[in-house]
Amino acid sequence: MPLLEVRSLVKQFPVSTGLFSRRWAQAVDHVDLTVNAGETIGVVGESGCGKTTLVRCLLRIIEPTSGQVIFEGDDLLGLDQPSLRAKRRDMAIVYQNPYLSLSPRLAVRDLIGEPLLTHTSLRGRALIDRVVENLEAVGLSADHLNKRARELSGGQAQRVAIARALALRPKLIVLDEPTSALDVSVQAQVLNLLVKLRAEFGLTYLFISHNLDVVQHLADRIAVMYLGRIVEFGEAEKLFRRAHHPYTMALLASTPEPDPDIKESSVALEGSVPSLLAPPSGCHFHPRCPWAQDRCRAESPALRVEEGRLARCHFLVERLPALKN
Amino acid sequence: MTLPLLEIRGLRVSFSTPAGVFRAVNDLDLTLERGEIFGLVGETGCGKTVTALALMGLIPPTGRVAASRLSLDGVDLLSPRNLSKVRGRRMAMIFQDPAASLNPTFTIGQQLSHVIRHHLRLDSASTRRRAIELLNDVGLAEPKAILRAYPHQLSGGMQQRAMIALALASGADLLIADEPTTALDVTIQAQILRLLKSLRDRHGLTILLITHDLGVVAQTCDRVAVLYAGCVAETALTAQLFRAPKHPYTHGLLGALPRPGSRGKLLSAIEGSVPSGISATAGCPFAARCPSVMNRCKTEPLPLKSVADAHAVACHLY
């Protein structure tokens, strides 16, 4: 049984378009995703592709419009508050900016102690010991107990956010752009820490990022999102070696390689991401796709399996031989 | 030998803060040749933006700027009179967030004609022609519609293109681009970087590209300087820097990058964090974090030493 299974998840937001009129933006559009225990799934895409909305729906931080989120056999969307609260012990999230996600008024001891107070019977000395244990797990020490977030550097503050997420020993940790606000040297420290913690506590990560290099460093499988839909889903290594979906190809080609000997690829995308309020007909990607044909404008392609990977493209089979070299 | 377009010698910028004097830039030397894209790369607080602001004379009054030489094509930028003559006309600057740089209450056309009229003193018909030409030049399709548009009606990529058109309106030789693609998605970033390269190729524009992204440097710049704590740690041709980095900090930065093939391995993180800049260090600012630190690093100041043609490094190892 997978740890987490998402079935046909939809999230629509109302957008007012006038005094009395409103339209719906489909931020997450029938997303299916399975996460097995112990694996790391990366979700990549550009701003507005729905990756953050997706994970917030999974944790019911916001309520999805429809679909199912099955965590260890229970559909989270059908749970009442007390049962959801009990389930939440096993799920945690780390956000992009620790200075915004950590309360500026709480000291580190309370930031990490809070989930323990809520969910366990630890109090007093035992509680502090557990807090220190978590601090040490993320490479900090008891010296940091009385500091507030603003007294810490960006890397230290993010470590505290990770320690807080880790406090209840959850099964799943959602990491929403956890290193995007950090400098590269600090980013490397945090990525190393995440790899270490994953091995030490047998964690499952759902890792959201716009940075493909960061995602491929951590993820076993990667889902690529475009305008609310998953357009490609498969093993990280294979996906990086040879993308199936034209959008994945373009994403890979647009990411500047830190090596002047690797020349920029010619697969460069024109135009920008269309509005969610007026998504293109058929395949959402057709206005920017160099291979688009009439069928792409008329008909939305389904995700289909080819060479052990899911991709949403009408002409995948036709294009595959050309991709081989 | 022809005169370099931009020459910076011994630039120092400091700010008085309640905690003491913060040295943002410390004895910085840089030379930009005509028609090159020069990358200024470093982490938060290394002084890259402050250097650009000092060039443009945009350091706030709490800051102090001093230099032994600061000149654009022979014009001394340390004199406020000269500076106001060349600023906006011969050198222009674009910023990270185009939405915050454009005026939301005027159309792109109004903002462009304002700049064109101010610098070039053209009549209204020629101004409009020039504005359309500029928008075409930066790759904005349907320039006539763009002229009528307000900034919020454009996407982030289009806004940055409009900013570049504004910056180039007066025919500047030097464009200072401060993290011009950091707020943009990768596919749009690739478009803007291509535009910058094509402007250099077509018009011989010189670009000082400030970025924290080594990937952007590798794919865009001809030469590069790595800054650390307000000093140049290493400067080289881009290919030299990536193939044979010399400074331990450059090594650290390159090793810290996750890239294809790094999966499952530990990244070589640089331990510790950047010094505050308030306490003055006698020796190398990187000494406290350097894996190959020696005793003399903590005491002896170190000038940039040439290690190869166009390659200089500030490190006692060399």
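Of the 325 residues that make up chain A, 45% count as buried, a word that applies when 20 or more other C-beta atoms lie within 10 Å of a residue's own, whereas 12 or fewer make a residue exposed and values in between make it partly exposed, with the C-beta atoms placed from the backbone. This is a predicted model, in which local features need pLDDT of at least 70 and side-chain atom pairs count only at pLDDT 80 or more, while totals for chains, interfaces and linings use all residues. Residues are numbered from 1 along each chain as its sequence is written, and chains are lettered from A, with ligands numbered from 1, in the order in which they are written.

The overall form of chain A can be described in several ways. Its C-alpha atoms fill a box of roughly 70 × 55 × 45 Å, taken along the principal axes. A compact globule of 325 residues would have a radius of gyration near 20 Å, and the 21 Å of chain A agrees with this; the radius is taken over C-alpha atoms, and the globule rule is 2.2 Å times the number of residues to the power 0.38. Chain A contains 12 helices and 12 strands, where helices (H or I, at least four residues) and strands (E, at least two) are DSSP runs numbered from the N terminus. Among the contacts in chain A with a separation of 6 or more, 63% are between residues 24 or more positions apart, and a contact here means that two C-beta atoms, placed from the backbone, lie within 7 Å.

A single residue can illustrate this. A:Ala27 has its place in strand S2 (residues 22-35) of chain A, and A:Ala27 is buried because 24 other C-beta atoms lie within 10 Å. Leaving aside residues up to four places away in sequence, A:Ala27 touches A:Lys11, A:Phe13, A:Gly50, A:Thr53, A:Gly228 and A:Leu276. The C-alpha atom of A:Ala27 is separated by 9.3 Å from that of A:Leu277, although the two residues are 250 residues apart along the chain.

The next element to look at is a helix. In helix H4 (residues 108-119) of chain A, the buried residues are A:Val108, A:Leu111, A:Ile112, A:Gly113 and A:Leu116, and what covers them includes helix H5 (124-137) and helix H6 (154-166) of chain A.

Chain A also has an open sheet of eight strands in the order S6-S7-S8-S3-S9-S10-S12-S11, with mixed pairing; two strands pair if DSSP finds at least two bridges between them. Strand S6 (91-94) and strand S11 (304-306) of chain A stand at the edges, and each has a single partner strand, so one side of each is left without a neighbour in the sheet. From one strand to the next, the twist averages 20 degrees, and such angles run from 0 to 180 degrees between N-to-C directions, with axes fitted as lines to C-alpha atoms, for helices over the stretch in contact. Within this sheet, strand S3 (residues 40-44) and strand S8 (residues 204-209) of chain A pair in the parallel sense over five bridges, and A:Gly42 stands opposite A:Phe207 in S8(A). Helix H1 (residues 51-58) of chain A packs on the sheet, touching S3, strand S7 (172-176), S8 and strand S9 (221-226), and its direction makes about 150 degrees with that of S8(A).

One loop of chain A deserves a look. Most residues other than glycine have a negative phi. A:Glu307, however, has a positive phi of about 50 degrees although it is not a glycine, and A:Glu307 is found in the loop between S11 and strand S12 (309-311) of chain A. A:Glu307 counts as exposed because it has 11 C-beta neighbours inside 10 Å.

Finally, the second chain meets the first. In all, 36 residues of chain B are in contact with 33 residues of chain A. Helix H8 (186-203), helix H9 (214-220), helix H10 (238-243) and helix H11 (248-255) of chain B each supply at least two residues of the side of chain B that touches chain A, and H8(B) gives the most, with six residues. The residues of this side divide into 18 nonpolar, 12 polar and six charged, where Ala, Val, Leu, Ile, Met, Phe, Trp, Tyr, Cys and Pro count as nonpolar, Asp, Glu, Lys and Arg as charged, and the others, Gly among them, as polar. The model scores ipTM 0.88 and pTM 0.91.
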